[in-house]
Amino acid sequence: MQPAVKLACSCQVIREALQKDINVMEKSSPVDLVTETDQRVEQLIISSIKEKFPTHSFIGEESVAAGAPSVLTDNPTWIIDPIDGTTNFVHRFPFVSVSVGFAIEFGIVYSCAEDKMYTARRGGGAFCNGEPINVSQQEGGASTTPVPSERTLADSFLPSLLYFSIPDISQSLVLTEMGFKKNPEHFKTMLRNINAILTIPVHGIRCPGSAAVNMCLVACGSADAYYHMGIHCWDMAGGAVIATEAGGVVMDVSGGPFDLMSRRLIVASSRKIAERISKEIKEFEVGRDDAGGQ
């Protein structure tokens, strides 16, 4: 995985671009944006990997937008989102990441503005900047997972904050995303689902704007669940491995097994939390990546 970690550091290109004027173009709608930096970073990552693995396959967000297929085969496949959170990038909102997934074997997410590198290999645990991470403990009882000190400004005089427990979903922080929907019924369902989760109740809902970062926030215990319908395999490939290896649960919004090409998922710190979210939210049709669904 080390070569891929070095590739993810190409997001230095993104950090430099944030200091300059950003040339923005539209893809499928006025809110589906792409920049020259998206395209440059994807080309850089793919060309670098091809030097070492010339026979491997690739699914990249901008390549698919340009007409390349989005189909998983038995051939080793890299799944790349060069800028996850392009709208954030355009507005210089700090949750912007590069996501690289190798099928379901390992994942890398680099949160550029935060300078945080999340990595995981199947069966090998999950890490942030080389330090092990774990999801919050959601089944009751005291957690043995320490809260990273950088997340608790008061930890020098409130040491009890270094350990915490969240016994049920009512004490959870949930992540999702809100945005334009072409179908007005889908828009209504999106708002209905937010209302359903908030009135469980939960501590709150946040919308950071980067699916890969959202999954990593669950993986490190900063949030307790994330659900989304309408994203793509390149949004999920890296983060899903990281969340799983951190002890989390990744499933379909129906409560069934996670399908990378289904364009929908729930990520949670426990199956109990994930199943409760599945029970509360209403599904809407989003198509499949391997069927050309947009």
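Predicted model: local features only at pLDDT ≥ 70, side-chain atom pairs only at ≥ 80, totals over all residues.
Is Leu-191 buried, partly exposed or exposed? Leu-191 is partly exposed, because its relative accessible area is 38%, where buried means under 20%, exposed over 50% and partly exposed in between, with a 1.4 Å probe and protein chains only. Residues are numbered from 1 along each chain as its sequence is written, and side-chain values use heavy atoms, with hydrogens and water left out.

Leu-191 is found in helix 6, and together with Met-178 and Phe-187 it forms a nonpolar patch on the surface, with about 270 Å² of accessible area. For such a patch, residues must have over 30% relative accessible area and no salt bridge, and nonpolar side chains are joined within 5 Å.

The largest cavity holds about 90 Å³ of space, and its lining includes Met-190, Asn-193, Tyr-227 and Phe-284. Helix 6 (184-198) and strand 12 (225-229) are the elements that give two or more residues to that lining, helices being DSSP runs of H or I with at least four residues and strands runs of E with at least two.

Now for the charged side chains. There are eight salt bridges by this rule, each one a side-chain nitrogen of Lys or Arg within 4 Å of a carboxyl oxygen of Asp or Glu. Asp-259 and Arg-288 meet in one of them, at 2.7 Å from N to O, and this pair links distant parts of the chain, since Asp-259 lies in the loop between strand 13 (249-251) and strand 14 (264-268) and Arg-288 in the segment after helix 9 (271-280), 29 residues apart.

Glu-283 forms another salt bridge with Arg-264, the closest N and O atoms being 2.9 Å apart, and here too distant parts of the chain are linked, with Glu-283 in the segment after helix 9 and Arg-264 in strand 14, 19 residues apart. Arg-264 counts as buried at 16% relative accessibility, whereas Glu-283 counts as partly exposed at 38%. Both belong to a network of salt bridges that also links Asp-252.

Notes: 1 Å grid on protein atoms, 1.4 Å probe; cavity = no way out; pocket = protein on both sides within 12 Å on 5 of 7 lines; lining within 4 Å. Points joined across faces, edges and corners; volume = space filled by probe spheres on them. Patch = residues over 30% accessible without salt bridge, like charges linked within 9 Å, V, L, I, M, F, W, Y side chains within 5 Å. Areas by Shrake-Rupley, 256 points an atom, 1.4 Å probe, with all protein chains shown as cover.
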